[in-house]
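Please find below a colleague's note on the model under review.

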Amino acid sequence: MRLLEVRDLALEYRTKKGPFLALEDIQFHVEKGEVLAFVGESGCGKTTLGMSILRLLPENAHILRGEILFEGRDILRLSQEELRRYRWKEVSMIFQAAMNSLNPVKRVGDQIKEAIQTHEPDISKGELKRRVEALFRLVNLPLSRIGDYPHQYSGGMRQRAVIAMALALRPKLIIADEATTALDVIVQDQILKETKLLQKEFGLSFIFISHDIALAFEVADRVAVMYGGRVVEMGSSHDLEDSPTHPYTMALLESYPTLTVERRRLRPIPGDPIKVTGGAKGCRFFMRCPEAEASCKEITPPWVEVGKGHMVSCLRR
Amino acid sequence: MNLKTFILKRSIQVVISFYVILSLLFFLLRLSPGDPYSKYIDSDMTQQEIELIKKQMGLDKHIFYQYLIYIRNLIKMDFGYSFHYGTHVWDVIKNKILNTILLFTTSVIVSALVGIFLGRIAAWRRNTSLDAGLTIASLVTHTIFLPWLGLLLIWIFGYKFELFPLSGIYTPEIWLDPECGFLRKALDVMHHMALPFLSLFLLHFGGYLLLMRNSMLGTLKEDYILTARAKGLREKDIINRHALPNAALPVVTSVGLSLAFSINGGALTETVFSWPGIGRELVMAVSHNDYPLAQAAFLLIAIVVLLANVLVDILYAFLDPRIRYE
């Protein structure tokens with residue numbers, strides 16, 4: 001059985017300006033111990049996707065169809081109480097803006113303790129203390145700072161604390177949503193390396209959400225590129241890095257600086273991100289695609305396998 | 001800066017503010033139109049007699065000399081004699097201020113407690129008919145004109161149904177009866193207090209309700225609430241343990257200052273219900289140019305409000321770890 005399998009997920013936000021299709025035809029799975037990255041520009045639906053796995057969506061989000069199977073159980077059918085037990089115990093999350101995801105008036109250690117106590121109400125005080133200390137050691141935070149408040153931490157320390165909290169219950173899957181985006185590159189690199197070690201050590205699965213495709217290649221086993229609420233290309237990091245196939249993936253790679261290739265001009269992607277209002281036909285990238293033809297506007301591109309496990313959704317391939 | 005330094009620094013600020021207030025008060029009262037002695041002067045009085053009246057009031061001296069005497073007496077905690085009552089001002093204020101605290105401070109406490117409690121419920125049940133009902137009720141009662149509400153309550157409950165007395169604070173017959181015990185007297189005062197208390201409560205609880213509700217709704221949008229929800233916390237715990245401590249901060253300021261200002265009383269309420277409180281006394285003292293009485297009453301209010309500000313600041317440090325004054 002696969003750890004997580006998402007089938008034909010579609011979701012819309014009902015706004016005052018009308019419905020906005022945030023996710024459509026989402027199809028993927030995560031194996032045990034695997035790191036899957038979702039990359040794409042702002043508003044492409046990657047955060048919404050992460051939130052829907054924990055069912056943390058805002059009230060105006062409506063799932064139109066699809067299944068989210070975690071160890072074979074459909075998360076969308078769980079009762080409130082079942083959902084509560086599933087959250088953090090099975091799947092935890094490192095949020096975008098981890099800076100603000102700690103409560104400013106509560107001590108950092110207490111916020112981690114709270115996560116454990118919620119799911120293990122019978123745990124003894126001593127055991128609880130020992131667990132929190134172990135977590136602090138795990139993420140290289142000094143034990144003397146357990147009783148501090150979040151504002152007394154630096155950005156990097158807060159990030160480590162949030163990771164410690166995500167690991168508190170040894171969940172099977174952790175969703176990291178732009179987890180290190182707000183940090184400077186050195187701290188980011190450190191934390192990513194450490195997290196990678198923890199992931200290997202505990203056989204954790206990760207869903208790594210980022211706008212940074214280079215970073216995704218570095219940390220993930222497989223990468224899914226999203227555009228306008230759809231996955232347009234998915235495959236192993238090697239395949240996508242060496243032979244990007246979808247025009248959007250190619251454009252995304254050209255718009256990023258690299259250290260290994262010779263200096264070249266960065267190429268921004270022309271045009272603006274798309275807003276889909278529902279039931280649109282054709283390829284989402286049509287308006288900005290350098291290779292677009294008339295048929296791209298009419299026909300929704302099917303999935304084509306261009307290599308082993310390397311899928312692309314483009315009419316021109 | 002630790003808490004001790006903070007308190008010291010704020011105390012110095014309080015002393016300076018207090019000095020500015022007492023000086024402004026002295027000159028403002030004397031700049032206001034009218035004088036305190038004209039009503040004692042007859043047309044057939046001689047000039048000497050008029051001068052004597054002025055001299056008794058200490059108004060024959062130069063205004064800056066009067067100011068120095070005023071400062072000297074304040075240092076000696078001597079507030080002087082009321083021009084109007086002829087008694088020591090403290091004796092006039094003492095009883096009035098107790099009546100005011102009984103009615104106004106009590107009503108602030110009760111309406112704050114009820115408002116905070118209902119505001120939390122409204123935020124929790126946001127966008128339901130309960131929330132809409134509470135919000136609309138608050139808006140109506142909070143913006144109502146108090147004398148109108150007071151008269152309406154007196155007319156319905158005092159006059160039509162004769163459930164409560166029309167005015168005053170006690171029934172003289174009960175209090176003059178030497179055999180009457182404390183409990184009976186207390187019940188009598190509470191009976192008199194019911195209608196003014198009800199109108200103040202209706203006027204104020206909506207303000208706290210709306211403040212609490214909005215503060216809660218703002219807090220519920222924060223990222224750490226999403227974290228708490230993701231951690232699998234029960235909705236009740238999210239509200240009480242994560243949202244409430246943050247949402248309470250602006251409410252604490254508001255309640256703290258309202259409590260301080262409640263010793264101010266309210267001239268309108270006190271007039272409508274003939275409640276012998278400090279609010280009405282203040283208006284009278286100013287219009288009679290009763291300088292000593294007005295000065296003492298205003299200074300008392302000023303010192304309570306200044307100290308309440310410092311207390312709220314200190315309380316804040318305990319509620320919000322980000323403010324440790326360090």
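1. Basis of the model. The model is predicted, so that local features need pLDDT of at least 70 and side-chain atom pairs count only at pLDDT 80 or more, whereas totals for chains, interfaces and linings use all residues. Residues are numbered from 1 along each chain as its sequence is written, and chains are lettered from A and ligands numbered from 1 in the order in which they are written.

2. Interface of chains A and B. Contact joins 17 residues of chain B to 22 residues of chain A (two residues are in contact if their C-beta atoms, placed from the backbone, lie within 7 Å). On the chain B side, the elements that give two or more residues are α9 (223-230) and α10 (235-261); helices (H or I, at least four residues) and strands (E, at least two) are DSSP runs, numbered from the N terminus. The largest share, six residues, comes from α9(B). By class, this side of chain B has six nonpolar, four polar and seven charged residues (Ala, Val, Leu, Ile, Met, Phe, Trp, Tyr, Cys and Pro count as nonpolar, Asp, Glu, Lys and Arg as charged, and the others, Gly among them, as polar).

3. Helices α5(A) and α6(A). The axes of α5 (residues 155-167) and α6 (residues 185-202) of chain A come within 11 Å and cross at roughly 15 degrees. Axes are lines fitted to C-alpha atoms, for helices over the stretch in contact, and angles run from 0 to 180 degrees between N-to-C directions. The two helices are therefore roughly parallel (angles under 35 degrees count as roughly parallel, over 145 as roughly antiparallel, 65 to 115 as roughly perpendicular and the rest as oblique). Residues of α5(A), among them A:Arg160 and A:Ile163, meet residues of α6(A) that include A:Ile191 and A:Leu198. The residues of this contact divide into five nonpolar, three polar and one charged.

4. Helices α10(B) and α13(B). The axes of α10(B) and α13 (residues 291-319) of chain B come within 9 Å and cross at roughly 165 degrees; the pair is therefore roughly antiparallel. Among the residues that make the contact are B:Leu249 and B:Val252 of α10(B) and B:Ala308 and B:Leu311 of α13(B). This contact has 16 nonpolar, two polar and no charged residues.

5. Helix α3(A) and A:Ile116. The buried residues of α3 (residues 108-119) of chain A include A:Val108, A:Ile112 and A:Ile116, and the buried residues of α3(A) pack against α4 (125-138) and α5 of chain A. A:Ile116 counts as buried because there are 20 C-beta neighbours inside 10 Å; a residue is buried if 20 or more other C-beta atoms lie within 10 Å of its own, exposed if 12 or fewer, and partly exposed in between, with C-beta atoms placed from the backbone. Leaving aside neighbours within four places in sequence, A:Ile116 is in contact with A:Ile123, A:Leu128, A:Arg131, A:Ala168 and A:Leu169.
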